Amino acid sequence: MKINLQPLYELRERLESSMIAGICLLSDDFRLARAVEQMETLAGASPIFKRIYDTAQSALAPGCSDRCGAVLDVYSLVDAVLCTQGIVETDGEISNITLAEGKRVVSNAPYSVLAPLLEALTTTGSGHYSTVVNMHKDHPELFQDYRLKDALIKGLGAGYSELADQIETWLCEEGEDIVPLLKHGLDPKGKKEMVRRIRVIEALRKEKDNSYYIALLDTAEKEVREAAIYALRHDKGNIQLLLDLIKGEKGNCKKAAQSALISMESPETLEYWKAAMEKKPNAAAPFLALSHSDAMADLLAAALEKMTGQLLAYASDKKPVPNADITAMNGLLEILAGKSSPAICSWYRWTAQKPVPDVMDTLLDAQNKPVRFYAYGGCGSGFYSEDLRDNLSFSRLILNIFTHSMLCFPDRRLFALADELFESVGTEYLKPALVSALFAQSAPEVYDRFSLYFEDKKREDHSFCVKALENVMQYLWFNNRTGKYEMRAVHPDPLYNRERTINHANPIYEPLDHRWFRLLTSDKLNTTPSPYSLGTLINPNDPVVCDILGEYFYRRALDPMVDSRRVFSQMKTCGWVGEKCKGVIVEGVKKPYNRNFWNFQQLVTDAPLTYSQKADEVEEVRRMVHKHEINIKGWNDQTIQDLCAQLREDAKSEGQERQT
């Protein structure tokens, strides 16, 4: 129904005139009286119109006690209603606006919701990181609002680098429609914000914007120039340009050109890297970390073979090893992961066989101290070692690098080599052999082949084998999102510093045989696996795994030497809750970890029990405290009584919900 609002406009006009003329003349204003009469036709259309009409009549009534207040009330109502009636019209047919797939121009969120985000993205101050990140986590749809795009791009220059890096990651997941905004105002002589802009552009456009990267080189300086040069790696037609830049650039810009060139395979690039490795292997080797091609791996293998032979010669001549050669060998070992060409496999095979590793361990440096090689990897500390305190032998270091290479970059040639070395060298290569089997063989086959090394406690190498098993299992995770078991490891990002790493997750061939879980939770290993390591293996959709591990975690919860709260989450993941978990509070409070009031309350909160069961056990603990069977520091009996009452009430509500 279309309503004629003209009487409302006339009423507002007459009210304004009357207020200017003076309220004392209101009763004599016949034009205002007529405007009020015209409102009678609207009074039946809406409650708000009726209220306006009634209030206006009361203002004109002779006995009105507060005429000023009545006039202001009616004017405010009329003005408020008319402010909502604005309209814009145009002739023509309605048509849909074409948007990029999956994108929206504006969200339904009001400006008041976006305002804190805009402020956090465009100003400096504390708390902005959490504001932006939490909002992205809780309401990711807001970040598709076009009103935020420009602010997000400005956020690439945020003083808090963690926020700027996070925004860069989000923008790299956008569509190409954000690219024009990124290019607008991009300063080739700018700083970190402009570098991040280029990184986002190349992540979205890759070789499509190759001419743009080249054009930037005319004016770009410092870090922006470096980023533009590295972006040239997406187009193999840039090989000659990159070779020219390597000759003409210096410092980081030259390194950027070399980093871009390493990703391109051609006779020209291979010739360049061959000459570079022969002339300055220490300077050229780090760039080979970016390539996993056999051609580049062969260059590394040749350098490793030459350096290893040189080191063996020092041992034969009983001469100290110069520090430069130690550094060079470490540099070559550091880029070995991800290389699996036949030449690399031959070098692995050579260094695994006696007497090479033993001779390498006899080397002495210029200070007459034993030489111990190292390389950065992804094993916790950064070293290819389970522990920084390990004084790694040469054979152990190579074995760890070999295993790490398979974890991050699985390759069937390395799998075959792992099996070969396991057969020829022995249980020293049990760890890489087990990793290769998990990647390439069926679950029953893997267990049948390897379990005998862990089940027999009488084996001389039993402890070594169990340690190898624990090392492998620390990389194994169940991915709830993919529903698969994966081997996870981290590897240093060769483009940045050693603190920045790349995560690798590769699925194994088949889910673990159930017998592994029985073995891991038995006493055959002479060791107690940590709840955390076993917790990562829980497949909540496998009832057998949940039953085995759930019972194990329950036993651990009752163990006097284990803090029960550390295993409650794993029990819940296994579905090991309720009646199965009887006694976890009563037994848990007997442990020294929980003998203060706060920890006891936390124990009750986290326990995998129903509200009713929690109340029963809390009352039992209360009885124990009163009988002086146990002492809990800071005990508050009234608080416990209130807690029990609340638990009983929650139990009733829980029961009613189930019935519903």
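Let's start with K206, which sits in the loop between two helices, α11 (192-205) and α12 (210-216). Keep in mind as you look around that this is a predicted model. What is the phi of K206 near? The value is near 50°, which is positive, and K206 is not a glycine. Why does that deserve a second look? Most residues other than glycine have a negative phi.

Now move along to K222, another residue other than glycine with a positive phi, near 50°. K222 belongs to helix α13, which covers residues 222-230. Is K222 buried or exposed? With a relative accessibility of 69%, K222 counts as exposed, since the cut-off for that word is over 50%.

Next, find P355 in the loop between α20 (342-352) and α21 (356-360). Look at the peptide bond that leads from K354 to P355: this bond is cis, and its omega is near 5°. For background, most peptide bonds are trans.

Our last stop is L609, in the loop that runs between α33 (597-606) and α34 (611-626). L609 has a relative accessibility of 11%, so it counts as buried; buried means under 20%. Which residues does L609 touch, leaving aside those up to four places away in sequence? They are G578, C581, K582, V584, I585, K614 and E617. Take K582 from that list: L609 and K582 are 27 residues apart in sequence, while their C-alpha atoms are 7.7 Å apart in space.

Terms used. Residues numbered from 1 in each chain as written. Predicted model: local features only at pLDDT ≥ 70, side-chain atom pairs only at ≥ 80, totals over all residues. Heavy atoms only, no water. Helix = DSSP H or I, 4+ residues; strand = E, 2+ residues; numbered from the N terminus. Buried < 20%, exposed > 50% of the residue type's maximum accessible area, 1.4 Å probe, protein only. Contact = heavy atoms within 4.5 Å.
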